[in-house]
Structures are given as structure tokens and as C-alpha cells.
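Keep the sequence and the 3D view open beside the text as you read.

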Amino acid sequence: MDPTSDQRCTWSETRDASAIAATMLRGARRLGRPALAAAAALAGHSLSVRRLPRCDNAANLDGPIPAKLDDPEANAAVLAAWRARIQAARDAFAKHDAATAERELKAALEEAAHFGAQSAPVATSLLNLAQLYRRSKRYDEAEPLLRRAFTVLEMHAGPHNKVTLTALVDLAELQLERGAAAAAAETFDDALARLSTAEAQQAHGAAPLRSVRAGCLLRASQAEQRLGHSDRAESHLKEALALSEERWGADSPRLVAPCAELARLALAQRRFDEAATWCERARAVAQHPQQIARLGTLADQIAAAAAA
């Protein structure tokens with residue numbers, strides 16, 4: 001994605017595994033003591049787990065739940081080992097050692113298998129490993145992991161929970177990155193419809209959901225542009241801009257991405273005055289030097305095209 005966007009997928013983004021577990025507790029209660037024990041054990045630990053990234057040789061995650069699942073001491077030991085693997089993967093990636101990061105994340109997934117195939121640790125580990133593969137452009141390996149994580153979250157956290165919806169948006173972004181614009185547009189539409197339902201059902205927690213929606217709209221607009229649906233892309237961008245402005249204010253640098261994309265869209269349609277207006281608005285709130293430089297280049301392109 002263009003550096004003028006603040007919606008990029010980066011290694012520094014985090015998922016809180018305890019938050020994922022907490023959202024899964026309600027569903028776990030309906031499934032009996034083993035699932036509840038797994039979710040509760042994870043929820044009891046404040047684990048900040050990076051969004052990292054398929055595990056061909058992991059333990060049999062679809063097999064029976066281990067007999068020791070109800071043993072608090074055993075659970076704590078497994079969680080500690082799992083957490084250590086995640087931290088080791090972080091450290092390896094910080095050193096640009098992707099091979100070690102992958103090895104540690106696969107081991108973390110094996111540790112997570114202790115709690116069962118549908119547990120919060122497994123969902124988190126799948127997301128982490130998928131993210132690593134995304135960053136390495138190993139899309140064929142990343143997509144099945146994201147789909148599997150989404151299925152687990154949909155079942156236990158609920159189809160309209162924020163963590164579930166974020167995983168669905170991740171899947172759509174991966175499809176877009178691998179060039180499957182039509183599939184991405186369909187997945188984005190699914191996510192947007194679910195977000196609308198979630199906002200209606202969770203009035204008191206709507207603000208974070210609107211931030212997810214803004215990012216989803218921004219990326220969905222790119223899928224629509226690749227499909228030649230300019231009007232739909234523009235509508236998505238304007239809604240994303242309105243949501244970001246509502247949440248962060250008219251002077252927030254978070255407005256750079258939708259404004260810049262609106263400028264590019266207008267330029268492509270030879271609407272030069274509009275393109276210049278959107279570009280200037282983006283430049284007015286840009287703070288990062290790279291953003292400022294790229295917006296300057298965009299302004300020059302608009303001026304040159306208008307003069308030609």
C-alpha cells in the first residue's frame with residue numbers, strides 16, 4: 001500500500017491474546033468445561049501477541065483434547081512456553097531472521113494445540129503465522145491460515161465481534177495483495193455488512209468498529225478501482241474519510257490516506273481541480289516526511305496533467 005496510508009499492515013501491529021480469549025468465553029461456556037478452561041486460562045494472562053504469521057508439521061490440532069486440559073499448572077506451563085515462542089519469533093524478526101521467526105511460530109502453534117483446535121491460543125497463533133507469510137508474500141500459505149483463524153473466531157467470539165471482523169478484513173487484504181480483486185471485493189463486502197450489524201448491536205462500542213470500517217473501506221476502494229468500479233471506489237473513500245474525521249478530527253494525519261486516494265482517483269478521471277483540492281487537503285495534515293514527499297510528487301503530477 002502507498003506510504004501515504006496509515007492503514008498499512010505492519011509487523012508492529014499487535015493482537016492481545018487475552019482480549020481474544022475474553023471474547024470467546026461466552027461461546028466456550030456453551031461447549032462445556034474443556035473449551036471454557038482453555039479460554040479462561042488464556043484470559044487470565046495479559047499476553048500482547050504480535051500479529052505475526054501455516055504449520056505443515058504441527059501437532060494434530062483436530063485431535064482429542066489432552067487429558068491435562070483441566071490441570072491449571074499444566075495449562076500455565078504450556079502458556080508460558082507458548083508465550084516464549086512468540087517472543088522468540090518477535091526477536092528473530094527484529095533481526096530480519098524470518099526463518100527463525102517462522103520456526104518459532106510453528107512451535108507456538110504446536111504449543112497452542114494443547115488447548116484444542118478451536119481455542120483462543122490456536123486462533124491467535126494462526127493469525128500470527130499468517131501475518132509472517134503475508135509479509136513474505138507467501139500468499140498460498142497464508143490464506144488457509146487466515147480462513148481457519150476466522151472460522152475459529154466466528155464460532156467462538158461470534159460473527160460480529162471485532163476480532164472476528166478484523167480477521168475477515170485481513171483475509172480480504174491478502175486476497176487484494178495477491179491480485180484477486182474480485183474475491184477481495186466480495187470479502188470486503190461481507191466484512192462491511194457484518195460491521196453494519198455489529199455497530200447496530202453494540203451501540204456503546206461503535207467507535208472502535210468504525211475505525212475498523214474506515215480501514216476496510218479504504219482497502220475495499222482499491223479492489224473496486226482494479227475492477228473498474230470508480231463510482232463505488234469513490235463512495236468508499238468518502239465514507240472512510242468521514243469516519244476518520246469523525247473519530248480523529250479534521251486535522252488528523254489519519255486523513256492523509258483517504259484524501260490522497262481521492263486525489264489519485266480524480267486524477268485518473270481527469271478531474272484535475274478536484275484532484276488538486278484533495279491533494280492539498282492531504283498535504284495539510286501530513287506529518288511523515290515520506291508522506292509529504294510523495295504528496296508533493298502527486299501534486300506535480302496533477303499540475304502537469306492539467307497543463308498538458
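## Salt bridges

Asp-189 and Arg-232 join their side chains in a salt bridge, with N and O 2.5 Å apart; the term stands for a side-chain nitrogen of Lys or Arg within 4 Å of a carboxyl oxygen of Asp or Glu. Since Asp-189 sits in helix H8 and Arg-232 in helix H10, the pair ties together parts that are 43 residues apart in sequence. Helices here are DSSP runs of H or I with at least four residues, numbered from the N terminus.

Before going on, a word on where these values come from. The model is predicted, so local features need a pLDDT of at least 70 and side-chain atom pairs count only at pLDDT 80 or more, while totals for chains, interfaces and linings use all residues. Residues are numbered from 1 along each chain as its sequence is written, and side-chain values use heavy atoms, with hydrogens and water left out.

How many salt bridges does the structure hold? There are 24. One of them joins Arg-178 to Asp-140, with the closest N and O atoms 2.1 Å apart. This pair links distant parts of the chain, 38 residues apart: Arg-178 is in the loop between H7 and H8, and Asp-140 is in helix H6. Another joins Arg-194 to Asp-190, where the closest N and O atoms are 2.9 Å apart. These two residues are 4 apart in helix H8, so about one helical turn separates them. The general rule behind this is that an α-helix has 3.6 residues a turn, so residues three or four places apart point the same way. Salt bridges can also form a network, as with Glu-102, Lys-106, Arg-138 and Glu-141.

How open are the partners to the surroundings? A residue is called buried under 20% relative accessible area, exposed over 50%, and partly exposed in between, using a 1.4 Å probe and protein chains only.

| Residue | Relative accessible area | Class |
|---|---|---|
| Asp-189 | 31% | partly exposed |
| Arg-232 | 36% | partly exposed |
| Arg-178 | 34% | partly exposed |
| Asp-140 | 57% | exposed |
| Arg-194 | 14% | buried |
| Asp-190 | 31% | partly exposed |

Is Glu-199 buried or exposed? With a relative accessibility of 18%, Glu-199 counts as buried. Leaving out residues up to four places away in sequence, Glu-199 touches Leu-209, Arg-210 and Arg-213, where touching means heavy atoms within 4.5 Å.

## The nonpolar cores

In soluble globular proteins, nonpolar side chains tend to be buried together. A nonpolar core is a set of buried Ala, Val, Leu, Ile, Met, Phe, Trp, Tyr and Cys residues joined through side-chain atoms within 4.5 Å. Which residues have the most contacts inside the largest core? They are Phe-188, Leu-195 and Cys-216, in a core of 55 residues. The elements that give two or more residues to this core include H3, H4, H5 and H6, along with helix H7 (162-177), helix H8 (181-201), H9 and helix H10 (230-248). H7 gives the most, with 9 residues.

Not counting residues up to four places away in sequence, Cys-216 touches Val-169, Phe-188, Ala-191, Leu-192 and Leu-195. Another core, of 25 residues, lies apart from this one, and among its members are Leu-237, Val-256, Ala-266 and Leu-295.

## Two helices and what follows them

The expected span of a helix is 1.5 Å times one less than its number of residues. Helix H9 (residues 206-226) has 21 residues and should span 30 Å, and its end C-alpha atoms are 30 Å apart, which agrees. Of those 21 residues, 15 are buried, so H9 is largely enclosed by the rest of the structure. Just after H9, Gly-228 has a positive phi of about 80 degrees.

Now compare H5. Its 16 residues should span 22 Å, and its end C-alpha atoms are 23 Å apart, which agrees. Here 15 of the 16 residues are buried, so H5 too is largely enclosed by the rest of the structure.

What follows H5? Lys-137 does, with a positive phi near 60 degrees, in a residue other than glycine. Lys-137 lies in the loop between helix H5 (120-135) and helix H6 (139-156), and is exposed at a relative accessible area of 62%. His-96 also has a positive phi, of about 65 degrees, although His-96 is not a glycine. His-96 is found in the loop between helix H3 (72-94) and helix H4 (98-112), and is exposed, with a relative accessible area of 75%.
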